[in-house]
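Please find below a colleague's note on the model, arranged as numbered points.

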Amino acid sequence: MYNIVLGEFHPSTICVERSKFNDSLKDIISLTDVETSTESLQEYISNYARTDEIKPDDKTIGFVVFNLQKKVLSISLAAIDLEMNAVISSLKEQIQEFGFKVELDLPE
């Protein structure tokens with residue numbers, strides 16, 4: 001689940017399927033430009049937000065909070081694999097270059 005805040009504008013929480021999760025993390029960089037963030041968010045939501053009905057056997061594996069105004073990215077996950085770990089490490093380096101604070105709560 002994602003909570004994305006872009007100043008005064010933010011959508012309700014969006015859900016991303018696990019199969020799209022790594023790509024959604026890689027692409028969150030597209031939301032770091034203040035001038036294009038609103039348009040980028042619309043594209044981001046259309047690319048990654050789950051649109052079908054939530055089913056009883058669905059599980060939330062974690063939360064991602066992106067706050068452009070406060071320049072904070074927080075990722076809290078219950079499970080992580082090697083590929084996801086590599087994506088998160090790369091994202092952390094990239095987004096810190098934009099002046100973001102990164103908070104990680106990951107299993108060992």
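1. By class, the lining of the largest pocket comprises 10 nonpolar, two polar and five charged residues. Here Ala, Val, Leu, Ile, Met, Phe, Trp, Tyr, Cys and Pro count as nonpolar, Asp, Glu, Lys and Arg as charged, and the others, Gly among them, as polar.

2. This is a predicted model: local features need pLDDT of at least 70 and side-chain atom pairs pLDDT 80 or more, whereas totals for chains, interfaces and linings use all residues. Residues are numbered from 1 along each chain as its sequence is written, and side-chain values use heavy atoms, with hydrogens and water left out.

3. The largest pocket has a volume of about 330 Å³, this being the space filled by probe spheres set on grid points joined across faces, edges and corners. A pocket is an open set of points on a 1 Å grid over the protein atoms alone, where a 1.4 Å probe fits, with protein on both sides within 12 Å along at least five of seven lines; lining residues have an atom within 4 Å of a point.

4. Of the 17 lining residues, C15, V16, K59, T60 and I61 lie nearest the centre of the largest pocket. Strand β2 gives the largest share of this lining, three residues.

5. Four strands form an open sheet with mixed pairing, in the order β1-β2-β3-β4. Strands are DSSP E runs of at least two residues, and helices H or I runs of at least four, numbered from the N terminus; two strands pair if DSSP finds at least two bridges between them. The edge strands, each pairing on one side only, are β1 (2-5) and β4 (101-105).

6. Strands β2 (residues 62-67) and β3 (residues 72-77) run antiparallel and are joined by six bridges. N67 has V72 in β3 as its bridge partner.
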